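Please keep the sequence and the coordinates at hand while reading.

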Amino acid sequence: MRVPRIYCEKSFAVGETLQLDDFASGHICRVLRMKAGRPLVLFNGRGGEYSAVLTSADPKRAEVEILTFNALDRESPLHIHLGLAMSRGDRFDWAVQKSVELGVAKITPLNSERSDSISDAKRLSRKLEHWQRLAQSACEQSGRTRIPQILAPQSCRDWCEANSECPGYFFVPGKQGFAEQMAKVKGQTSINIAIGPEGGFSEAEEGLFADQYDFNAVALGPRILRTETAPVVAIALFQYFLGDIN
């Protein structure tokens with residue numbers, strides 16, 4: 001029987017009885033249909049996870065008893081900050097979810113010349129909350145114990161300026177191959193990855209990355225990948241060469 005993992009941002013300790021929020025309570029009781037006495041795992045994003053048991057299956061205010069703490073760590077040794085151009089529909093959601101599953105540490109939506117943007121403050125606030133919830137759900141599913149932060153959108157220039165302390169990469173068909181590039185950065189523990197929108201970054205943006213901020217232009221093989229596919233391939237390759245996929 002699979003034991004579900006639930007994120008709870010509160011601080012708690014072994015021996016305590018904890019009341020879950022509406023979202024977690026509804027998910028446990030309505031979606032998973034769990035009854036009192038069922039085991040579950042809780043984590044609060046501060047590292048490690050807790051074994052617990054459901055003591056009250058109320059869909060609005062479920063309660064659990066914290067039994068034991070496991071100080072495990074499933075976070076990647078490679079800190080990846082993903083700059084991801086905004087895209088329409090559920091493509092951006094999908095890219096966020098899969099990037100978190102693969103171990104990305106931080107995600108910043110990028111406003112590029114060819115990407116979508118969100119100008120309405122209320123809509124942007126709802127989107128950021130939605131993306132952060134996606135990240136939490138992906139951590140619950142994948143076994144991660146820390147929640148990546150989804151930052152507010154930035155221009156490509158502002159993002160580069162704020163994250164210039166470690167190597168950066170962006171992806172252009174026909175450029176240097178991935179394996180050749182990786183041979184130069186063995187042992188690196190922090191990187192920035194910029195993924196362009198449908199149609200790619202503009203020539204001016206490519207010049208910004210390469211010439212002003214020393215980002216490395218790399219090809220992800222001979223084919224052109226969609227904007228939601230590229231981050232999955234890039235992160236998986238970086239995790240293989242520099243991280244914890246082996």
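A residue is termed buried under 20% relative accessible area, exposed over 50%, and partly exposed in between, with a 1.4 Å probe and protein chains only. The model is predicted, so local features need pLDDT of at least 70 and side-chain atom pairs count only at pLDDT 80 or more, while totals for chains, interfaces and linings use all residues. Residues are numbered from 1 along each chain as its sequence is written, and side-chain values use heavy atoms, leaving out hydrogens and water.

Side chains of opposite charge can pair when their charged atoms come close. A salt bridge is taken here as a side-chain nitrogen of Lys or Arg within 4 Å of a carboxyl oxygen of Asp or Glu. Seven salt bridges are counted by this rule.

One of them joins E49 to R5, with 2.9 Å between the closest N and O atoms. Because E49 belongs to strand β4 (residues 49-56) and R5 to strand β1 (residues 5-7), this pair ties together parts 44 residues apart in sequence. Strands are DSSP runs of E with at least two residues, and helices are runs of H or I with at least four, numbered from the N terminus. E49 is buried at a relative accessible area of 10%, and R5 is buried at 11%.

A further salt bridge links R144 and E75 at 2.6 Å, N to O. R144 lies in the loop between α3 (121-142) and β8 (149-150) and E75 in the loop between β5 (63-70) and β6 (79-85), so the contact ties together parts 69 residues apart in sequence. Both residues, R144 and E75, are buried.

R91 also pairs with E198, the closest N and O atoms lying 3.2 Å apart. R91 is buried at 18% relative accessibility, whereas E198 is exposed at 58%.
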